[in-house]
Amino acid sequence: MHSLLVIDPGRTENPAEARSSPSPDLILRSCGYVVGTAASGEQAAPLIGDADAFILHLPVTEISYWRSVLVQHKVAPVLWWCTPLTATLSVSACGDDIMVDGILSPAMQPQEIHWILHFSSRQCFERKQWLKEREQLLSRIEERKWIDMAKGILSKAKNISESEAYDLLRKQAMNERKRMVDVATSIVKVYQLLQDQT
């Protein structure tokens, strides 16, 4: 991890407050990172592609919005830069939908920042893999549902066992050079259409 994008809308809204504490970009640069900064979506857009991680220097209530803006362009760790300015809200303001891969603060030493960024990156990509596997499992469950419904229809219509219906489905899929779930879906939809007409 080398390049970071700091989102800091407060920098332009209240420059006097922003000067009262060290800015994340200065601290991160002193740790050896290449840092881009943005105060708006328009400023962030051209910088997102080069960023290895996103650092959000803003109130906790704005995290979800910014996270969704950033990750729709690129999957990368999202970290919250926690300071007295960004942590003024109570814990109740932190909804269940707020997700960050790590938290940084100006009090951290360079080694602590490096390790947080390292572990945040791992967590981000492990979550991405988990979400991909979850999506695949849900897809398989949906396919299984269609196949089971088609087996039931064929079993009833042809007065055969479900294992024979399964074999019939498999043979039909091979003959048509289609996936079994596609053949099963067609059978179920035709059956439902015929049922609706009676």
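At what angle do the axes of helix H6 and helix H8 cross?

1. The model is predicted, with local features needing pLDDT of at least 70 and side-chain atom pairs counting only at pLDDT 80 or more, while totals for chains, interfaces and linings use all residues. Residues are numbered from 1 along each chain as its sequence is written, and side-chain values use heavy atoms, with hydrogens and water left out.

2. The axes of H6 (residues 110-158) and H8 (residues 180-197) cross at roughly 55 degrees and come within 8 Å, where axes are lines fitted to C-alpha atoms, for helices over the stretch in contact, and angles run from 0 to 180 degrees between N-to-C directions. H6 and H8 are therefore oblique to each other, a class that excludes angles under 35 degrees, over 145 and from 65 to 115.

3. Contact, meaning heavy atoms within 4.5 Å, is made by residues including Trp146, Ile147 and Ile153 of H6 and Val181, Ile187 and Tyr191 of H8. The residues of this contact comprise 12 nonpolar, one polar and three charged.

4. The largest nonpolar core has 17 residues, and Leu5, Ile7, Phe54, Leu56, Ile63, Trp66 and Leu70 have the most contacts inside it; such a core is a set of buried Ala, Val, Leu, Ile, Met, Phe, Trp, Tyr and Cys residues joined through side-chain atoms within 4.5 Å, buried being under 20% relative accessible area with a 1.4 Å probe and protein chains only. Helix H5 gives the most to this core, with three residues.

5. Leucine 70, leaving aside neighbours within four places in sequence, is in contact with Leu5, Ile7, Ile48, Phe54 and Leu56. A second, separate core has 14 residues, among them Val6, Leu28, Trp81 and Ile113.

Technical notes: Buried < 20%, exposed > 50% of the residue type's maximum accessible area, 1.4 Å probe, protein only. Helix = DSSP H or I, 4+ residues; strand = E, 2+ residues; numbered from the N terminus. Nonpolar A, V, L, I, M, F, W, Y, C, P; charged D, E, K, R; others polar.
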